[in-house]
Amino acid sequence: FFDLLICSWCNFTKMPLRPSRFISRFKLTHPIALAPMALTSGGELAAAVASTGCLGLVGGGYGELDWVKREWAVAVRKGPMERIGIGFITWKLDESSAALDWVLSQPEKPRAVMLSFGDPRPHAKKVIGAGIPLMCQVQRLDQVELALQAGADRESV
């Protein structure tokens with residue numbers, strides 16, 4: 001279904017894809033990233049999106065460790081790992097970073113980690129230290145500077 005949806009959209013619009021830093025950085029065929037919505041963007045959806053040439057981000061959201069373990073396993077099993085990542089709600093990681101720590105310790109590392117809704121700096125060192133590109137979702141212009149200070153990948157801020 002997702003292959004058809006995305007490919008149909010691209011064919012419908014006849015959108016010529018120009019090279020971009022985002023496409024190049026993550027080796028994509030389409031400049032699309034699945035929003036890592038908490039408890040919605042699971043492993044099945046992330047794998048389907050990644051299979052179409054887009055970046056599939058599992059929604060690690062509120063950091064429920066059991067949910068992250070289950071959905072990460074699905075994404076690893078079904079998706080092309082070169083386009084599978086994960087995202088977390090940053091202020092929830094301030095309470096417990098167990099889910100982030102767990103996914104960073106896995107043999108199948110995420111292609112990217114997205115942090116949203118809060119100051120990413122306290123968690124950025126773990127992500128970058130694991131050799132994983134850090135993406136930051138920003139809601140206001142002043143948050144761009146925080147994302148860059150955290151070391152967010154400049155192609156994905």
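Me: I have learned that a crossing is left-handed if the near helix is turned anticlockwise from the far one by less than a right angle, and right-handed if clockwise. Which hand does the crossing of helix 7 and helix 8 have?

Reply: The crossing of helix 7 and helix 8 is right-handed. Before we go on, please note that this is a predicted model, where local features need pLDDT of at least 70 and side-chain atom pairs count only at pLDDT 80 or more, while totals for chains, interfaces and linings use all residues. Residues are numbered from 1 along each chain as its sequence is written, and side-chain values use heavy atoms, with hydrogens and water left out.

Me: How do I describe two packed helices in numbers?

Reply: One gives the angle between the axes and the distance between them. Here, helix 7 (residues 121-129) and helix 8 (residues 142-150) have axes that come within 9 Å and cross at roughly 40 degrees. Axes are lines fitted to C-alpha atoms, for helices over the stretch in contact, and angles run from 0 to 180 degrees between N-to-C directions. On the helix 7 side, R121, A124 and I128 meet L146, Q149 and A150 of helix 8; contact means heavy atoms within 4.5 Å.

Me: How many helices and strands does the protein chain have?

Reply: There are 8 helices and 4 strands. These are DSSP runs numbered from the N terminus: helices are H or I with at least four residues, strands E with at least two. Starting at the N terminus, the order of elements is α-α-α-β-α-β-α-α-β-α-β-α. Of the contacts in the chain with a separation of 6 or more, 56% join residues 24 or more positions apart.

Me: How should I read the sheet, and in what order do the strands lie?

Reply: In general, strands of a sheet pair through backbone hydrogen bonds, either parallel or antiparallel. In this model the 4 strands form an open sheet in the order 1-2-3-4, with parallel pairing. Strand 1 (56-61) and strand 4 (134-137) are at the edges with a single partner strand each, so one side of each lacks a neighbour in the sheet. From one strand to the next, the twist averages 25 degrees. Two strands count as paired if DSSP finds at least two bridges between them. Strand 1 and strand 2 have 5 bridges, with G59 opposite G87 in strand 2. Strand 2 (residues 84-89) and strand 3 (residues 113-116) have 4 bridges, and F88 has L115 in strand 3 as its bridge partner.

Me: Which way do the residues of strand 2 point, and are they buried or exposed?

Reply: As a rule, side chains in a regular strand alternate between the two faces of the sheet. In strand 2, I84, I86 and F88 point one way, G85, G87 and I89 the other, and all are buried. Buried means under 20% relative accessible area, exposed over 50%, and partly exposed in between, with a 1.4 Å probe and protein chains only. With 6 of its 6 residues buried, strand 2 is largely enclosed by the rest of the structure. For the 157 residues of the chain, the buried share is 48%.
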